[in-house]
Amino acid sequence: MTQHLMSNYGRYPIAFERGAGTRLYDEAGNEYIDFTSGIAVTNLGHCHPNVTRAIQEQAATLVHTSNLFQIRKQEEVAAKLAKLSGLDQAFFCNSGAEANEAAIKLARKHSKEKYGEHKYEILTLEDAFHGRTLATVSATPRLKFQEGFAPLVPGFRYVSKDLAEIEASIGAHTCAILLEAVQGEGGVLPLSPEFLQGIRALCDQHGLLLILDEVQTGIGRTGTMFAYQQAGIQPDILTLAKALGNGIPVGATLAKADVASAFQPGTHGSTFGGTPLVMAAVLATLDTIESENLLDHATEMGVELGLRLQGLIEQYDCLLELRGLGLLRGVTLDRPVAPLVAKCQELGLLVLNAGEKTLRLLPPLNVSSQDIHLAMKILEHAVQEITETITNA
Ligand SMILES: *Cc1c(COP(=O)(O)O)cnc(C)c1O
């Protein structure tokens with residue numbers, strides 16, 4: 001009965017009814033191990049009891065008031081995020097694209113106030129993904145996402161992942177560089193610490209803002225709260241969403257105080273941004289990462305998953321290269337990945353693609369060794385079934 005839904009998604013023929021931890025159950029009662037986490041959203045697994053309790057309690061107390069009033073839980077989350085990120089202030093919205101929209105508007109406004117009307121251009125990288133709103137598809141230099149939506153929002157310039165080319169592209173209008181620390185949708189492509197440090201240096205040298213889009217990589221996905229921490233750099237603006245509320249829709253734009261001050265009463269807003277209900281879920285999510293020591297655990301499990309995947313790559317010719325960081329992992333194939341994803345589903349394992357030929361794995365941060373073992377067995381079985389030619393086995 002999908003005839004009243006727009007056809008903008010290609011959906012698999014499975015509907016889930018229930019989830020708990022790493023497991024999902026479909027309408028027929030079949031069990032699946034979820035190594036997608038709802039595309040890097042349910043980082044604590046499905047229906048984590050701490051988050052469920054927080055939502056239930058808050059839903060019975062107060063759901064929404066509007067941002068015309070003080071919202072204490074917003075202040076609390078903002079203080080926590082400031083402490084975790086080293087940035088000063090937060091704006092809350094409802095999605096990754098919106099968090100990036102706010103970042104783009106903030107960067108433009110700050111730069112125009114500081115340097116004059118000519119400062120508005122933002123550099124973005126090849127293979128990037130920043131969202132589906134008009135400005136964020138304009139920031140995403142890929143035809144697949146832009147086709148049919150012209151005229152796009154002006155003010156973006158696309159650059160390759162080459163520091164010299166990026167420096168040569170910085171012009172009188174440039175105000176910021178926007179990038180992901182690991183390009184998730186683009187194929188699970190991490191940017192090296194040296195590259196990120198080089199970008200930071202270029203920004204400092206040329207008076208540009210560094211905007212990091214950690215919508216997918218944030219909230220422990222790569223083993224640290226934010227992926228940039230592994231490169232030893234600090235952004236000027238940081239965007240978060242996906243896992244921030246473990247499934248409750250929320251986005252956040254964080255910034256240094258002198259940048260954030262470009263937003264004053266009336267300059268930007270969101271009706272639903274940062275409601276008490278959403279903030280309760282975020283607090284429970286962040287508290288659980290800390291109380292269950294999930295950053296260390298994710299790092300450990302990331303190593304284990306990486307080793308297991310490397311083992312499969314060495315065993316099967318169709319698997320080429322291991323990519324990624326922590327529990328954001330990719331494996332490139334010598335062929336389209338769709339049949340492998342479908343075969344895994346059939347065998348009870350949910351995995352994702354990233355582009356046409358890259359398998360993407362995003363287990364929850366609290367995934368166990370046993371679940372990794374089980375998932376890798378299923379993946380291996382699926383690889384065998386789609387290739388039927390085994391080498392060195
Ligand atoms: C998913 C994603 C977005 C878009 O987030 P939405 O919540 O779907 O708007 C933006 N940037 C990155 C890096 C993402 O992975």
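I began with the UniProt record, an unreviewed entry, which lists Lys 242 as "modified residue: N6-(pyridoxal phosphate)lysine"; such annotations may be inferred rather than shown by experiment. I noted that this is a predicted model, in which local features need pLDDT of at least 70 and side-chain atom pairs count only at pLDDT 80 or more, while totals for chains, interfaces and linings use all residues. Residues are numbered from 1 along each chain as its sequence is written, and side-chain values use heavy atoms, with hydrogens and water left out.

Next I looked up where Lys 242 sits, and found it in the loop between β11 (237-240) and β12 (251-255), strands being DSSP runs (E) of at least two residues and helices runs (H or I) of at least four.

Then I turned to the ligand and listed the residues around it, among them Ser 95, His 130, Asp 213, Gln 216 and Lys 242, each with a heavy atom within 4 Å of it. Helix α4 (residues 96-115) gives the most to this shell, with three residues.

Which distances did I note for the polar atoms of Gln 216 and Lys 242? A polar side-chain atom of Lys 242 lies 2.6 Å from an oxygen atom of the ligand, and for Gln 216 the corresponding distance is 2.8 Å.

Technical notes
A polar contact is a pair of N or O atoms within 3.5 Å; within protein, one must be able to donate a hydrogen and the other to accept it, and residues adjacent in sequence count only if both atoms are side-chain atoms.
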